[in-house]
Amino acid sequence: MSKKDMKAYWKENLGYLAILLSIWFLVSYVFGILLVDQLNSIKMGGFKLGFWFAQQGSMYVFVILIFVYVRLMNKLDKKYGVDE
Amino acid sequence: MGILTWTWILVGITFALYIGIAIWARAGSSKEFYVAGGGVPPIMNGMATAADWMSAASFISLAGIVSFTGYDGSVYLMGWTGGYVLLALLLAPYLRKFGKFTVPDFIGDRYYSNTARVVAVIAALIVSFTYVAGQMRGVGIVFSRYLEVDINTGVYIGMAIVLFYAVLGGMKGITYTQVAQYCVLIFAFMVPAIFISFQMTGNPIPQLGFGGAGEDGIYLLDKLDGLQQQLGFNEYTSGSKSMIDVFAITVALMVGTAGLPHVIVRFFTVPKVKDARVSAGWALLFIAILYTTVPAVAVFARTKLIETVSNAEYAELPEWFGNWEKTGLLQFDDKNGDGIVQYVADKAENELTIDRDIMVLANPEIAQLPNWVIALVGAGGLAAALSTAAGLLLVIASSISHDLFKKIIKPDISEKGELIAARLSAFVAVLIAGYFGINPPGFVAAVVALAFGLAAASFFPAILLGIFDKRMNKEGAISGMIVGLSLMFFYMAKYKLGWMGEMPPASEWWFGISPEGFGTVAMIVNFVVSLIVSRVTPAPPEEVQEIVEHIRIPSGAGEASGH
């Protein structure tokens, strides 16, 4: 792998991290904590939305985020020929 | 059959299973002892990580904590799951590529310094010992509640079992017993939860029943909010902690999770970088099954409990009330002498004291589930406590035999000698942990929650910067770890343990952040100190910068470019 490819690979990786971690921050810290009172005025079935994010939704999203990351990285590894 | 008989049968079967696995999976080399030979399939590693991670506290106490704190309990739910996203995205794949046995290994090599290694070993030992003492105590408590033996006898039995498979099997034995323990504990947690959810809401899936309605057509959460307010408590779905503290505690728990050595080391056991990524995903999925059920159980149990006992005639309460009164987990004190249970927020008028652990322990009885389900919860609690204790003991053992003995004191030790040293340190670690289990220092319970703050303040920044900042050098990392750790210690000693004169009130907390959340502040300070110090001291040597480039590329291709 050339230096240039390595730089490009790392840059794409960091791009993925930035997006995924923003979502991670959004569902837990923003929806579950900072905006919890505002979101609680919206109801989803028996749940107040902010409360639901804090005690259910954020955790579902966490799981999905990791599996999305795995898929993205496996593809990226293939693209740069660094998969095993 | 009675509950006790069922418990002995289930505990007997599961223990025989653990021992059988340990004999089958004995470690033959030091690589097998430290990282299970590096050949654990990702799904299995995910299960083992989940069992390793979920302690007796997660299994027994968490639902109770959430149940009594409502929204505020979210810090534990988000905090103890969100860290896996950080682990999967920021740490695990790179540490796996680095390909060593322990966390101090990484710190020592990346920062080309035995001082850094020793600081990391000390931090690993502090974090792991504070954590393991609570686990051994947990084993004893579960034994005493379910099998009617003395707590200390319970600790001895637990020590003997852990000793057997940790010393014999090392990481390999521990991994495969943890897989079995995960299955036991998740089954034991889910069966009563499904029963109760169905009973209360007609929906067998607790995560959905949680937002469902009871027979009266009122949403459960609305009903509970109403009940809580009637009795003078906070509304269940809104909290009483300040927003900044909730934020800080959640960060500290997440980052602490990602920095705990016994969790990180699990990702050294899989064959490839890509396995490390996906096994973090499996681990979180397996953890989330329990963690998304916990808040549902908390609501079911709390509603049921209030409905059953509040304003009920003491003489007419169901049988389980008397049973749990005997254990001291429920205490009724008829202050106004009217023979009726007044359960209210006002301390002067409240007549009922409820231990939070009862929410999981007594739940099956309150919901009138069959005896075998009640016994199952006991076996599950033991599985949770034993699996976590074993994982921690392994970190302690490898810190001593590998990081201190092999890397610093006696580098020419033979493979066989190192394996003996590893077994010996595991043996000694079990004895020390057992000692703390039997004579728990008063501060243990308080300190366990702070183990996360310590991990967040020490390891997380050093590892993260080691991967993502090529310019980070030993001066920066060492000073960051020392300052972060000391600051956390100071805050803990002053505001949590009261070791510095009289304990200051909560109003004096810095920025309004509790000791549980202070790891966040200490972590930020660690980052700042590391970055500043590293920029005014020489860059790390060329070969170290090449290591960093090398770990960023998953395949062996990176190796060809450098060394």
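Q: Is A36(B) buried or exposed?
A: In this predicted model, A36(B) sits in the loop between α2 (30-35) and α3 (42-53) of chain B. A residue needs 20 or more other C-beta atoms within 10 Å to be called buried. A36(B) has 26 C-beta neighbours inside 10 Å, so the residue counts as buried.

Q: What is the phi of A36(B)?
A: Most residues other than glycine have a negative phi. A36(B) is not a glycine, yet its phi is positive, at about 55°.

Q: How are α7(B) and α17(B) oriented, roughly parallel or roughly antiparallel?
A: Two packed helices are described by the angle between their axes and the distance between the axes. Here the axes of α7 (residues 114-147) and α17 (residues 371-409) of chain B come within 8 Å and cross at roughly 155°. Angles over 145 degrees count as roughly antiparallel. That makes α7(B), relative to α17(B), roughly antiparallel.

Q: Which residue classes make up the contact of α7(B) with α17(B), and what is the handedness of the crossing?
A: By class, this contact has 20 nonpolar, eight polar and three charged residues. As for handedness, the crossing of α7(B) and α17(B) is left-handed.

Q: Which element gives the largest share of the side of chain B that touches chain A?
A: The contact draws 42 residues from chain B and 36 residues from chain A. On the chain B side, the elements giving two or more residues are α5 (74-98), α10 (220-230), α11 (243-259), α13 (273-309), α22 (542-552) and α23 (557-561). The largest share is 11 residues, and it comes from α13(B).

Q: How many residues on the side of chain B that touches chain A are nonpolar, polar and charged?
A: This is the side to which chain B gives 42 residues. By class, they divide into six charged, 12 polar and 24 nonpolar.

Terms used: Residues numbered from 1 in each chain as written. Chains lettered and ligands numbered in written order. Predicted model: local features only at pLDDT ≥ 70, side-chain atom pairs only at ≥ 80, totals over all residues. Contact = placed C-beta atoms within 7 Å. Helix = DSSP H or I, 4+ residues; strand = E, 2+ residues; numbered from the N terminus. Nonpolar A, V, L, I, M, F, W, Y, C, P; charged D, E, K, R; others polar. Axes fitted to C-alpha atoms, helices over the stretch in contact; angles between N-to-C directions. Parallel < 35°, antiparallel > 145°, perpendicular 65-115°, else oblique. Left-handed = near helix turned anticlockwise from the far one by under 90°. Buried ≥ 20, exposed ≤ 12 C-beta atoms within 10 Å, placed from the backbone.
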